[in-house]
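Hi,

Here is the structure I promised to hand over. Please open it first, then read my notes below.

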Amino acid sequence: MSKFPARYYDNLPDKRVRCTLCPSNCAIKPGNFGNCRLRKNDNGELIAAGYGQLVSLAIDPIEKKPLYHFYPGKPILSTGPNGCNLRCPFCQNWTISQQETTTDFVPPEQLVEIAEKRNSIGVAFTYTEPLIWFEYFYDCAKLLKARGLKVVAVSNGYLNEEPARELFKLIDAANIDFKSASKEFYKKTCRGNRDDVIRTIKIAKEAGVFVELTNLLITGENDSDKDLNEIVNLIADIDPLIPFHISRYFPQYKYNNPPTPVSTLKKAVEIARQKLAYVYPGNYIDGSDTVCPDCGRILVERSGYSIGLPDGETQNCPGCGRKVDIIW
Ligand code: SF4
């Protein structure tokens, strides 16, 4: 089995290493893995142990990522690694992110060929936490760009600044999970740091990446009016045109809190729409159309993952002439 050297680490005494890819900054002893299980100290050298090891490979509608304003209705080849650098006890994908599972090795050239053969617009790195798959993500992204294909990331945004600046240069669109406005929630519940995630969102925007955000509305945890108002204010300060998905939570992994009541989801969407132009309920059927924020004309109709375009792929709203914030 080939060894793939990892980037972003420092050597420490006694053949230990410090990985500096994400803000966990793990100090790793020889033979051990970092918190994410994707990077391993191999006798004093950090290796990308999860390089090319895919936990899943499927064609998904891009709406499933979710991305609603980036090539609506188009299929995208989707894959991800077997690991994550956060420890959210409500993880909706915990069987592949928080525990070891079987993977298949697919080298970058082959992944790109599969995307081309299956008429995908590109590859979405998703399902678990793909940014810490840094070396594989980077190699695939370079090849995808060279062939004119799109690079999409669906991520928790928990990455250090330097690697984030390097990787986002190669990314076309991203959906970043913004779990809560509360620093304490990030720290105690997810073992992360809110401000590092906000920095990543800003880096992505600065790099010209098309960004959408998702918040999972967890019953009794981050669903108060105060929580919602705070997160909406933080997003509005970055850019009120960022599409924002508020998703219904269902009990998973270590959490038994009841599913998000529909009334709470609707109230959250209402609060967010006071300051943000494009707000969508997730894991719920109604209210997902994209409407012009100025005149209310429906630009994209959605039913599950199917879409309808009453005016086609228009660049300006036929109702009022406003430029449409959608990449077709
Ligand atoms: S990427 Fe993995 S090994 Fe590196 S600091 Fe983050 S959790 Fe630790």
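**Around the ligand**

The ligand is surrounded by 13 residues. The closest are Cys 19, Cys 22, Cys 26, Gly 34 and Cys 36. Here a residue is near a molecule or strand if its C-beta atom, placed from the backbone, lies within 6 Å of it. Sorted by class, this shell has seven nonpolar, five polar and one charged residues. The classes work like this: Ala, Val, Leu, Ile, Met, Phe, Trp, Tyr, Cys and Pro are nonpolar, Asp, Glu, Lys and Arg are charged, and the others, Gly among them, are polar.

**Before you go on**

This is a predicted model, so local features need pLDDT of at least 70 and side-chain atom pairs count only at pLDDT 80 or more, while totals for chains, interfaces and linings use all residues. Residues are numbered from 1 along each chain as its sequence is written.

**Domains**

The protein chain is assigned domain 1 (9–48), domain 2 (53–287) and domain 3 (289–328). These bounds come from an automatic or database domain assignment. Between the C-alpha centres of domain 1 and domain 3 there are 47 Å.

Two terms are needed here. Helices (H or I, at least four residues) and strands (E, at least two) are DSSP runs, numbered from the N terminus. Two strands pair if DSSP finds at least two bridges between them.

An open sheet of three strands runs in the order β1-β2-β3. Its pairing is antiparallel. Why is one side of β1 and of β3 left without a neighbour in the sheet? β1 (9–11) and β3 (27–28) stand at the edges and have a single partner strand each, so one side of each has no neighbour there. Strand β2 (residues 17–19) pairs with β3 over two bridges, in the antiparallel sense. Val 17 is opposite Ile 28 in β3.

Look also at Tyr 8, in the segment before β1. Its phi is near 60°, a positive value in a residue other than glycine.

**Hairpins**

Start with strand β4 (residues 39–42) and strand β5 (residues 45–48). They pair antiparallel over four bridges. Asp 42 stands opposite Glu 45 in β5. β4 and β5 make a hairpin with two residues between them. In the turn, Asn 43 has a positive phi of about 55°.

Now move to strand β16 (residues 290–291) and strand β17 (residues 298–303). Two bridges join them in the antiparallel sense. Thr 290 faces Val 300 in β17 as its opposite residue. Six residues lie between β16 and β17 in their hairpin, and Gly 296 in the turn has a positive phi of about 80°.

β17 also pairs with strand β18 (residues 306–308), antiparallel, over three bridges. Arg 302 has Ile 307 as its bridge partner in β18. This hairpin of β17 and β18 has two residues between the strands. Gly 304 in the turn has a positive phi of about 60°.

**The eight-stranded sheet**

What is the order of the open sheet of eight strands? The order is β7-β8-β10-β11-β12-β13-β14-β15, with mixed pairing. β7 (56–61) and β15 (279–282) are the edge strands, and each pairs on one side only. From one strand to the next, the twist averages 20°.

β7 and strand β8 (residues 75–80) run antiparallel and are joined by six bridges. Ser 56 stands opposite Gly 80 in β8. Helix α3 (residues 134–146) packs on the sheet and touches β10 (122–125) and β11 (150–155). The direction of α3 makes about 160° with that of β10. Angles run from 0 to 180 degrees between N-to-C directions, and axes are lines fitted to C-alpha atoms, for helices over the stretch in contact. Two residues are in contact if their C-beta atoms, placed from the backbone, lie within 7 Å.

The loop between β7 and β8 holds Pro 66. The peptide bond from Lys 65 to Pro 66 is cis, with omega near -5°.

**A helix pair**

Helix α7 (residues 225–238) packs with helix α8 (residues 262–273) at an angle of about 35°. Their axes are 9 Å apart. Asp 225, Leu 228, Asn 229 and Val 232 of α7 make the contact with Ala 268, Ile 271 and Ala 272 of α8. By class, the residues of this contact are five nonpolar, one polar and one charged.

Best wishes
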